[in-house]
Amino acid sequence: MSPKTSLDTLLPALSEAYGPPGREAGIRQALRKALRGVGNLSEDALGSLHLHLPGRGKRLLLTAHMDAPGLIVTRVDGSGLARLSLLGPMSAADWIGAVVTLNGTANGVVGWDRPRDAKDSREVEPDAIYLETGLGAKQAPKKIPVGTVGALHDRAERLGDLWCGGNLDNRAGCAAVVAALSGVRGLKHDLHVVFTAQSDLGARGAATSAFGVEPDVAVVLDVAFVGESRGAGDIALGKGPCLGLKEEGYLPHPLALELAKRAAKAARVSHQWLIREAGGSDARAVRASRAGVPTALVAIPARKTGGPRVLMNANDLEQTVKLVRQIVTTPYTGERGSR
């Protein structure tokens, strides 16, 4: 199955699967279907999905978080509007106008109680947004009780050279991993792949998975947005995947980074450098697990649209597939405790 064909079918299917933080059953099911016949699958107590491809090499952990930003209902007011709290890094302003699914209970659209004296429409407080479901004052409290969790009602679609979708962070990473492992030959590691849960609640799935696997080396796959990097030049769409050099609480291990660089060279994949001064990925939690895990970060470039959807270059995603496939077939020569 070619990367292009695989991604054209995988990405829409994975992006529309229900899976906000702590409620990942829908995306787990979609990944199980996509990975049927690839290897041994299991689920841990936190909700992360594990795939094991046994091998004789070093133990490599490959992770991509599968949860996507969500909302939780904190109360239903007298008019039937559901008041909300955010789950994940997506800002309140980016939720305005988004269609939300409550996993079969109801669908709704996010609105905003804009203050009359608001001068900047970007300054939106989370407690000022609400979900309109059309259920009314009597039915809404019954159908959407306090604690109900919502997610973007989304399906990624192709726009020329771009992918457009609201859940590309990080369903694109999940799709790249699945496509890279489809039909792969010549594994050089004892490969443990984890699609982690609750990343948007503090990298919880990454932390517990890395602790349980205790890998010799790890590669974290995520998304990076235009405007985040503070290197010699910002990242851009269409110039290949990023290799992380720095983010909050994280520096790559030299030998893990060398593994990613060697793989990129062998696969003839151009790459960019990602330098974050604030914020980060699951790489910090993996790197700090137990006595420390040599860890590298690969990030797919994306651009925000100023709303609930983001854009990603299709070629960057395909190049990421090539890079991941090369990483799992390139031997790691370092030791767990080496510096």
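How many salt bridges does the structure hold? The structure holds 13. A salt bridge here is a side-chain nitrogen of Lys or Arg within 4 Å of a carboxyl oxygen of Asp or Glu.

1. Ground rules. This is a predicted model, in which local features need pLDDT of at least 70, side-chain atom pairs count only at pLDDT 80 or more, and totals for chains, interfaces and linings use all residues. Residues are numbered from 1 along each chain as its sequence is written, and side-chain values use heavy atoms, with hydrogens and water left out.

2. Strand β3. This strand covers residues 58-65. Strands (E, at least two residues) and helices (H or I, at least four) are DSSP runs, numbered from the N terminus. Six of the eight residues of β3 are buried, so the strand is largely enclosed by the rest of the structure. Buried means under 20% relative accessible area, exposed means over 50%, and partly exposed lies in between (1.4 Å probe, protein chains only).

3. Partners of β3. Two strands pair if DSSP finds at least two bridges between them. Eight bridges join β3 to β12 (residues 189-196), and the two run parallel. Here His65 faces Thr196. Five bridges link β3 to β13 (residues 217-225), again in the parallel sense. Leu60 stands opposite Val217 there.

4. Helix α9. Residues 314-328 form this helix of 15 residues. From first C-alpha to last, α9 reaches 22 Å, close to the expected 21 Å. That expected span is 1.5 Å times one less than the number of residues. Eleven of the 15 residues are buried, among them Leu317, Val321 and Val324.

5. Arg276 pairs with Glu247, with the closest N and O atoms 2.6 Å apart. The two sit 29 residues apart, Arg276 in the loop between β15 and α8, Glu247 in the loop between β14 and α7. Arg276 counts as buried at 3% relative accessibility. Glu247 is buried too, with a relative accessible area of 3%.

6. Glu214 and Arg290 have their closest N and O atoms 3.8 Å apart. Glu214 lies in the loop between α6 and β13 and Arg290 in the loop between α8 and β16, so the pair ties together parts that are 76 residues apart in sequence. Glu214 is partly exposed at 35%, and Arg290 is partly exposed at 41%.

7. Lys261 and Glu258 form a salt bridge, the closest N and O atoms being 4.0 Å apart. Both lie in α7, three residues apart, about one turn of the helix.
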